[in-house]
Amino acid sequence: MPRPAYNTWLRGTVGQSLDADRLVVAAPSAFIAEHLNARMRGIACSAVHAVVGEERDVAFVVGNAPAPQPAAPTPEAAPIAAPPNRSPLNPRYTFEAFVEGTSNRLAFAAAQAVADAPGDAYNPLVVYGAVGLGKTHLLHAIGHHLHARGRAFRYVTSERLVSDYTAAVREGRRRIDEFNLAYRSLDALLIDDIQFLAGKQGTQETFFHIFNALHDNARQIVVTSDWPPSALRLLDDRLRSRLEWGLVTDVSMPDPETRAAILQRIANRSPVPVPPEIITALAQRNTTCIRQLEGSLGRVVAAAQWTGIPLTLAAIEKELATYAPAPEPMSATEVIARVSQAFGLPAAALTGKRRDRKIARARHIAACLLAERLSLNPVEIGELLGNRDRATIAYAIRQGEQALAADPEAQRVATNITQS
């Protein structure tokens, strides 16, 4: 069997007795014994038959493995992982409190499906989208549902995952084993903002093996990200490909009707009544995330509550001026056109076959801006820039990033393009 599966389930077991009928094996916990009896008994019976040459039954029971020889006394360390069902979930982030719309319908349905039957479908589930559009809300909602059903799960941010792993490495082999067991013995692992694992090679390697152990044993993995897995260039290729095994779905900015429904739900908790026309006006404002909507509503409610300003459209205009509408994002075509113009080139030059220095530099800047500002993945950018392959675009993005990091002229061009 795969080494991660062995390390997770069999490494802590010990033979207890063997007679003419069966081998009894002690497991360190009831959870592991139950899992081994349900899922690995057949493998164990085959292994015993291969060794003794006769059929033997195998039974896994709860028992204690021999205690290791004590090392030099050390201060007792706190456990790495808190009990799975004590994860820090926001009590307001439930399925019942989530407002469904066309911008999030598939992600919402998939989140409910994995919460009802973890590991059965959509495994892994990856939900991606810009900041403040409901990804974390869905992740917490899954956690609440699993907790209500008594399932062992863990919600963790990628920063906490890195912190836990770093602490385990610092404290030695035993703590690393504890870390692995804590994560691999779950029914579901929920990781927020997976993109922050980029560049953390040690944690990525460990998560890769945790992922394999959970997936091999039909345990659910759910992650959120600002970008789709294909665009997470600094993640290990093996890990990125595994994130694409299941369902990858996005959440985007909801339409005005859904925004109004979200605002109304927030307004229902307001200390002062919010008239419908205020809700409608806020919902129609050009915002980039739900948090901006909530901030706008909070500001006008606070003004009405503490300064006596009446909640009318005329009265709150000054308060809303703080939340100036964001400019409409540029399209990919417009980005390419503006880069071409900044370099004094026709737009067709960036999509053509020529690769002289000036055109290549402009193409690199365009590829980088399309990735960073529009969150396009290399395949999408390749199609826009003359059907170039993924490797070529990945190289172009890296070159563009280097230019924007080190070249003041490139920085000026990029600033003018995105602000004009």
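Which side chain of opposite charge is nearest to the buried Arg242, and how far away is it? In this predicted model, the answer is Asp236, at 6.9 Å, and Arg242 has no salt bridge. A salt bridge would need a side-chain nitrogen of Arg within 4 Å of a carboxyl oxygen of Asp or Glu. Arg242 belongs to helix 9, which covers residues 237-243. Leaving aside residues up to four places away in sequence, the contacts of Arg242 are with Pro124, Phe208, Phe211 and Asn212. Asp236 does have a charged partner, namely Arg238, with 3.1 Å between the closest N and O atoms of this salt bridge. Both members of that pair are partly exposed: Arg238 has a relative accessible area of 34%, and Asp236 has one of 26%.

The protein chain has 420 residues, of which 46% count as buried, and it contains 19 helices and eight strands.

In soluble globular proteins, nonpolar side chains tend to be buried together. Here the largest nonpolar core holds 56 residues, and Leu189, Phe207, Val339, Leu350 and Ile381 have the most contacts inside it. Helix 16 (residues 357-374) supplies the largest share of this core, with nine residues. Apart from it lies another core, of 43 residues, which includes Ala111, Ile142, Ile278 and Leu293. Leu189, one of the residues with the most contacts inside the largest core, touches Arg154, Val156, Tyr183, Phe207, Ile210, Leu214, Gln220, Ile221 and Val222, again not counting residues up to four places away in sequence.

The buried residues of helix 4 are Ala107, Phe108, Ala110, Ala111, Val114 and Ala115. They cover an arc of only 165 degrees around the axis, and therefore lie on the same side of helix 4. What do these buried residues pack against? Their partners are strand 4 (125-128), helix 5 (135-148), strand 7 (220-225) and strand 8 (247-250).

Charged pairs complete the picture. Side chains of opposite charge can pair when their charged atoms come close. In the whole structure, 16 salt bridges are found. One of them joins the side chains of Arg174 and Glu178, at 2.5 Å from N to O. These two residues are four residues apart in helix 7 (residues 173-184), about one turn of the helix. Arg174 is exposed, at a relative accessible area of 53%, while Glu178 counts as partly exposed at 31%. The pair also belongs to a network of salt bridges that links Glu171, Arg174, Arg175 and Glu178.

Helix 14 (residues 332-342) holds both Glu334 and Arg338, likewise four residues apart, about one turn of the helix. These residues form a salt bridge in which the closest N and O atoms are 2.6 Å apart. Glu334 is partly exposed, with a relative accessible area of 31%, whereas Arg338 counts as buried at 19%. Arg338 is thus a buried arginine with a salt bridge, whereas Arg242 is buried and has none.

Methods:
Residues numbered from 1 in each chain as written. Predicted model: local features only at pLDDT ≥ 70, side-chain atom pairs only at ≥ 80, totals over all residues. Heavy atoms only, no water. Buried < 20%, exposed > 50% of the residue type's maximum accessible area, 1.4 Å probe, protein only. Arc of directions from axis to C-beta. Contact = heavy atoms within 4.5 Å. Core = buried A, V, L, I, M, F, W, Y, C linked by side-chain atoms within 4.5 Å. Lys, Arg positive; Asp, Glu negative; His and termini not counted.
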